[in-house]
Amino acid sequence: RSEGVPPASTSHTNTNNNRSGGGEQRRWLVARRATVQELAIVDSVPDEVWLMILDALTWPPHAPGTGHPLRNLCALGCVSPHMYALSREPQLWRHVDLSIVHRCETKVTSTVIAKLCEMPLWKQQESTEPIVRSLVLDNCCYLTGKDLEQLLQTFGSGLTSLSLQGLSALNGQALVAIRNHCPRLTTLDLQGCVGIQDC
């Protein structure tokens with residue numbers, strides 16, 4: 001029966017597809033114009049106001065269902081070049097909580113740690129005050145002692161608070177790394193770090 005379908009029907013179908021495609025293209029163009037208008041509104045908001053909003057999104061406690069703050073901040077940075085520059089303001093990176101990342105779909109592995117430490121943002125630390133003041137790694141079960149060493153080499157000089165709850169794989173070398181890289185540390189949480197407690 002399929003062989004008996006008249007060619008005209010195929011031509012008619014192709015015409016409908018072309019019309020549908022044209023409609024999709026028009027809708028896409030309308031959406032594109034709307035996006036440009038939205039970007040104009042975004043860029044019209046003073047930087048001071050945006051920084052207050054972004055700071056609220058990235059500083060704990062976080063509202064349930066809002067996603068983890070690092071992903072939110074990086075996603076907002078993709079909106080426009082202006083938002084990208086704002087999302088890299090050092091004041092928004094004072095608190096880095098990787099435990100929230102680990103609880104979501106992205107697990108904190110050595111690859112994630114390496115990419116985080118390679119961010120150009122941290123190069124500003126060479127001539128200014130350290131950026132990150134608080135680092136939370138609670139229950140990041142794939143974290144190794146080498147990963148912690150790399151993190152502390154990057155962030156340790158400015159840290160005043162470090163939380164390592166549940167990192168059972170760490171041992172006494174972690175304490176050595178903390179001593180060597182965290183001169184300003186005033187708060188340290190080692191709850192559940194059985195490898196360290198047994199040293």
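**Cysteines, sheet, helix faces and core of the predicted model**

C141 is exposed, with a relative accessible area of 51% (buried denotes under 20% relative accessible area, exposed over 50% and partly exposed the range in between, with a 1.4 Å probe and protein chains only). The structure is a predicted model, in which local features need pLDDT of at least 70 and side-chain atom pairs count only at pLDDT 80 or more, whereas totals for chains, interfaces and linings use all residues. Residues are numbered from 1 along each chain as its sequence is written, and side-chain values use heavy atoms, with hydrogens and water left out.

The sulfur of C141 has its closest cysteine sulfur in C140, at 7.8 Å, which is too far for a bond. A search of the whole structure accordingly returned zero disulfides (pairs of cysteine sulfur atoms within 2.5 Å). In contrast to the exposed C141, C182 is buried, at 7% relative accessible area.

The protein chain comprises nine helices and four strands, taken as DSSP runs numbered from the N terminus (helices, H or I, at least four residues; strands, E, at least two). From the N terminus on, the order of elements is α-α-α-α-β-α-α-β-α-β-α-β-α. Of the 199 residues of the protein chain, 34% count as buried.

The four strands form an open sheet in the order β1-β2-β3-β4, with parallel pairing (two strands pair if DSSP finds at least two bridges between them). Its edge strands, β1 and β4 (187-189), each pair on one side only. From one strand to the next, the twist averages 0° (axes are lines fitted to C-alpha atoms, for helices over the stretch in contact, and angles run from 0 to 180 degrees between N-to-C directions). Strand β3 (residues 161-163) is joined to β4 by three bridges in the parallel sense. Within these strands, S163 stands opposite D189 of β4. With a relative accessibility of 36%, L188 counts as partly exposed.

H95 is buried, its relative accessible area being 10%. The side chain of H95 makes a polar contact of 2.9 Å with that of S134 (a pair of N or O atoms within 3.5 Å; within protein, one must be able to donate a hydrogen and the other to accept it, and residues adjacent in sequence count only if both atoms are side-chain atoms). R94 lies in the loop between α4 (81-87) and β1 and is partly exposed, at 29% relative accessible area. The C-alpha atoms of R94 and I131 are 5.7 Å apart in space, while the residues are 37 residues apart in sequence.

The loop between β2 (134-136) and α7 (145-155) contains N139. Most residues other than glycine have a negative phi. N139 is not a glycine, yet its phi is positive, at about 60°. N139 is partly exposed, with 47% relative accessible area.

In α7, the buried residues are D147, L148, L151, L152, T154 and F155. These residues cover an arc of only 160° around the axis, which puts them on the same side of α7 (the arc is that of the directions from the helix axis to the C-beta atoms). The exposed residues K146 and Q153 are carried by the face of α7 turned away from the buried side. Helix α8 (residues 172-181) has A174, A177 and I178 buried. Viewed down the axis of α8, the buried residues fall within an arc of 100° and therefore line one face of the helix. Q173 and R179, on the other side of α8, are exposed. The N-terminal end of α8 is capped by N171, a side-chain oxygen of which lies 2.9 Å from the backbone nitrogen of Q173.

The largest nonpolar core has 41 residues, of which W93, L98, W122, L137, L151 and L164 touch the most other members (such a core is a set of buried Ala, Val, Leu, Ile, Met, Phe, Trp, Tyr and Cys residues joined through side-chain atoms within 4.5 Å). At least two residues of this core are supplied by each of α2 (47-58), α3 (69-76), α4, α6 (110-117), α7 and α8. Helix α7 provides the largest share, four residues.
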